[in-house]
Amino acid sequence: MKILNHLKPADHHILSQISDNWPFQFVSEFTRFHKYYFNETVNIIYDEELNAYMPLRILDMKLFAPAQILYAPLRESMELSKEEQMLFFNKLIRLLQNQGGCERLVQPHPYSILSAIPEGAKYCDFGTYVVDLENQTIEQILEKFHPKYQKAVTHSEKNGAVVKIGKECLNDFFLIYKSTMERAGLHLDEFTYFQSLYDYLGENRISCGVVYDQDEPISGIFVIHTLYGAFLTHAGTRGDSKLYGAAKLLNLEMMRHLKEKGVKKYDFVGVRLKNNNPALEGIFRFKKGFGGDLKEGYLWKIDILPLKAKAYDLMVKLKSGNDKLSDII
C-alpha cells in the first residue's frame, strides 16, 4: 500500500488511471483546491494487490493529526465489494499505525458511504438517494418523483418560475445559502470557498443553480460533479413565495443540465438512518421524494494510536469543560 499525491510528479504515473470518470474527490484539481484553500493535504491511498485507490484528507490541526476518508476505495472507477473494502481498510489502519503521525480516522465526509466496518470502529448506519441519469430520460426521472413533487413542479412551471444554472448565479445562490444556514444555526462556508471551487475545478465540474420568483431568488443548489456522478453539496431556500415547488423544479432542471453533460448519476448526499432526530428525518423524506435508489452503508471512525487519541480528548475536555465534540456517529 502506498501514499500518493497529485502534487508529486513521481506519483503521476500510478495516478494516471484516475480521470473524469472517477468521483471529483479523486481528481488532481480537488487536491490543488484543498491545498490552496485549507492548506491541507489530500493523499490518494493506493493498494497494489487490489489495484484500488482512495482519497484521504489530512486535517490541519496543531497538536493532533487525524485523517478523513473522502470516498470509498475504487478500482477502475467502481467501488470495491464489502470484502475487498474490509481488506483495504485493515491494510490502511496497519499502514498508519506503522508510520505514526496519524492518531485517528475521523468520521468520513457524508458523501463517503462505506460498505465495511473494521473491528473496533464506532459507526452509524448511513444512506443516500441516488438518481440514475445515464439510463433514464428526464421524463422517466420525473415519473419517479413522488406525486406531490410532480404536482409541485407543474405548479412552479405554470406560475412563472425561472431556473438559471451557471457561475453567474453564484452571488444569488450564496445569498440564499447564507440565509438558510443562519436561520438553522449551522456552519456557514464562506463565499470564497465556492469561488475557489469554481477557480480550481472549473465550470465543467461545478454547477450552481437558482430558481427565481420573478426577479427574487428563492431556492439554490451547488453541485460538484465529474462524469462519474454529481454530488449536491449545498442547498437552501429563502423568503416566502407562491412557488411552493420551486426546489423540486430546480433539482429537476439541474438533473437535465447534468444529463446533457454526460454525468451518470445525481447523489443527494446522505443522512443518518435509524435516528430519532425529526429534522434529519424531514431531510431524508425530502430527498426520498425525488425517486432515487437508496444506497445504504456506514460511516465509521477509529483510533489509530489510541493512547495519543485519548490524551487529546482529555485535553479538549479539560479546555472546554462539559462541551462535547459531536459528529453524526
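A nonpolar core is a set of buried Ala, Val, Leu, Ile, Met, Phe, Trp, Tyr and Cys residues joined through side-chain atoms within 4.5 Å; buried means under 20% relative accessible area, exposed over 50%, and partly exposed in between (1.4 Å probe, protein chains only). The model is predicted: local features need pLDDT of at least 70 and side-chain atom pairs pLDDT 80 or more, while totals for chains, interfaces and linings use all residues. Residues are numbered from 1 along each chain as its sequence is written, and side-chain values use heavy atoms, without hydrogens and water.

**View 1. The largest nonpolar core has 61 residues.** L105 and F222 touch the most other members of this core. Helix α6 (residues 170-184) gives the most to it, with 6 residues. (Helices, H or I, have at least four residues and strands, E, at least two; both are DSSP runs numbered from the N terminus.) A second, separate core of 26 residues includes F145 and L243.

**View 2. The buried residues of helix α10 (residues 306-320) are A309, Y312 and V316.** They lie on the same side of α10 because they cover an arc of only 60° around the axis (the arc of the directions from the helix axis to the C-beta atoms). On the other side, L307, K310, K317 and L318 are exposed. The buried residues pack against β7 (104-106) and β15 (293-303).

**View 3. N43 lies in strand β2 (residues 41-47).** N43 counts as buried because its relative accessibility is 12%. Its side chain joins that of N5 through a polar contact of 3.0 Å (N or O atoms within 3.5 Å, one able to donate a hydrogen and the other to accept it within protein; residues adjacent in sequence count only if both atoms are side-chain atoms).

Conventions
The expected span of a helix is 1.5 Å times one less than its number of residues. Contact means heavy atoms within 4.5 Å.
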